[in-house]
Amino acid sequence: MYQGLGRDNREVQRLALSIVFSVASAQSPFRFENVAQAAGLRFVLENSPTPQKHMVETMAGGVAVFDYNGDGRPDIFFTNGAALPSLEKSNAKYSNRLFRNDGNWKFTDVTREAGLEGAGYSIGAAVADFDNDGHPDLFVAGTYRNLLYRNRGDGTFEEITAKSGINSRFWSVAAGWFDFDGDGLLDLFVVNYAKWTPAFDRFCGDAAKGLRVYCHPKYFPAVANQLYRNLGNGKFAEVTAASGIGDHAGRGMSVTFADYDGDGRPDVLVTNDNLPNFLFRNVGGGKFEEVALTAGVALLDHGKPVASMGADFRDINNDGLPDLLVTALSGETFPLFLNAGKGQFRDATHSSKLAVATNPFAGWGLGLFDFDNDGWKDLFTANSHVNDQVEKVEPYVYRQQNTIYRNDRGSFTLTEAGLTVKAAHRGAAFGDFDGDGRMDIVVSALGDAAELWRNLSVSRGGWLEVKLVGRKSNRDGIGAVVKVGGQTNIMTSAVSYASSSLGPVHFGGLGELVDVEVLWPSGTKQNVKAVKTKQVITVEEPKALAE
């Protein structure tokens, strides 16, 4: 994994990156501005780096965007690390943090009053209204310390992990909410990484040169992920074994959901670090079968596993089928699997031009959103190499700037967007923080200040944001398929790496009037005609059909 390379190689890499961005800057349709400091979003991700190079230090950084207080403005939550080797939040600097959106690009830290300081070494966040009371709840995945918070609806949260039935038996890094059994209650999928304890002290690197690096994932035994069925009343039952999820051990990094085969049941994609990805097909009756290899998403066409990290499951080429995009390390490219229908995918990393455009970068968080409102979902990636010593041993850069790739009818081009901050970026989440119809971005970085990227790009068409309210389906409408103006999108909060974005479904590239079609998780199909664009609309699942 590590090769001895000289300074000339590193300079060549930096020069290559400068040329890449020089070319990308020509006639860029995107413009973003980092407004975190001015907005009062002051947060530093404390990952507690140590001389022992504990693998957990590289994994921190989940971010969540959701409207916790129901004022119509998306707020921001950051997970945070803890002291090592204790894995305890022994200092206030390790607190998880919640920032309230006060409007006009101003945020207030409300962590303490909300009761979200947390405990343990937190990594991932997953948001959804699991009890259907109209208030979004929060799950925090951590290193042998998972936390479930119920939103009381008065600006505060109650930690109910112990009585909920959710355990902390594993090193968990991410999670996601979906209704796998169609009962209208959101179930929880927890992504676990590997077997590890702070006592692990293997030396990896070049001892003769005194160069210690984070060990290759192969030294960490794989483990199974977990599935919890929502029983209602704040109770969950672990169904990992009964569902078939427990039959497959991996080194999980992220999870995302879509009904990829159109059978009306949500399926599960889990990215694995240096192991084949998992695609759990929902076969009904509470059972899943792992089909990634036969479906074509376990590996790239070269047949080798990569360091798969973040993921998003959305329709990239506007053919109505959910496609899959994954981030990975520098030199591995960011895999794109296009949905070919009939339960099959094809590796389109090269044909989409992403192979060349992403090769220099190591990606963590990502999102497929239409940032310039032209009707095509673009790609944002939060970048940094995993190895903080990489510049001494490989021709790659550790601290990297984030990137945007413009989607031109399924072909992606790296485009300069003003995302100039170089840092060890990790999680990323998305929301329209000022209600102007342009999707904004928040990103975490190891040992560095969080970034809040305000989207100032010129909109190329009308936009619409569709907020769903389920009745027979779950309250958030998670799993619903929404169609507007020849485009298809999915209502989900499971996006990126260890992160979550719960908000209206966003569309761009629209005219003044559009029709909206919603296929609810309950199976109800609803049409709303002649909707004016450039607004946020609320679509409620019909009472007559839902009761």
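Author: Two strands pair if DSSP finds at least two bridges between them. Keep that in mind as we go through this model, which is predicted.

Reader: Okay, then which strands form the open sheet, and in what order?

Author: The general idea goes like this: strands of a sheet pair through backbone hydrogen bonds, either parallel or antiparallel. Here, 4 strands make an open sheet, ordered β10-β11-β15-β16, with antiparallel pairing. At the edges you'll find β10 (172-178) and β16 (235-238), each pairing on one side only. From one strand to the next, the twist averages 25°.

Reader: Over how many bridges do β11 and β15 pair?

Author: Strand β11 (residues 187-192) and strand β15 (residues 226-232) share 3 bridges, in the antiparallel sense. If you want one to look up, Val190 has Gln226 of β15 as its bridge partner.

Reader: Now the cysteines. Which ones does a disulfide join?

Author: Look for two cysteine sulfur atoms within 2.5 Å. That rule gives 1 disulfide here. It joins Cys204 to Cys215, with 2.0 Å from S to S. Cys204 sits in the loop between β11 and β12 (205-206), while Cys215 is in the loop between β13 (211-212) and β14 (223-224), 11 residues apart.

Reader: Why is the disulfide of Cys204 and Cys215 called right-handed?

Author: Check the torsion about the S-S bond: for Cys204 and Cys215 it is about 95°, so the disulfide is right-handed.

Reader: On to the rings. How many aromatic pairs are there?

Author: Ring centres have to lie within 6.5 Å, and planes over 60 degrees apart count as edge-to-face. The count comes to 25 aromatic pairs. Take Trp105 and Phe433: 6.1 Å centre to centre with 65° between the planes, an edge-to-face pair. Trp105 is in the loop between β4 (97-103) and β5 (106-109), and Phe433 is in the loop between β32 (425-431) and β33 (440-445), 328 residues apart.

Reader: Is Trp105 buried or exposed?

Author: Buried means under 20% relative accessible area. Trp105 comes in at 11%, so it counts as buried. Phe433 has 4% relative accessibility and therefore counts as buried too.

Reader: Which residues form one aromatic cluster?

Author: Phe32, Phe369, Phe371, Phe380 and Phe430 do. Click on Phe369 and you'll see the charged end of Arg314 over its ring, 4.8 Å from the centre. Arg426 lies over the face of Trp364, at 3.9 Å from the ring centre.

Technical notes:
Residues numbered from 1 in each chain as written. Predicted model: local features only at pLDDT ≥ 70, side-chain atom pairs only at ≥ 80, totals over all residues. Heavy atoms only, no water. Helix = DSSP H or I, 4+ residues; strand = E, 2+ residues; numbered from the N terminus. Axes fitted to C-alpha atoms, helices over the stretch in contact; angles between N-to-C directions. Phe/Tyr/Trp six-rings, centres within 6.5 Å; stacked < 30°, edge-to-face > 60°. Buried < 20%, exposed > 50% of the residue type's maximum accessible area, 1.4 Å probe, protein only. Lys NZ or Arg CZ within 6 Å of the ring centre and 35° of its normal.
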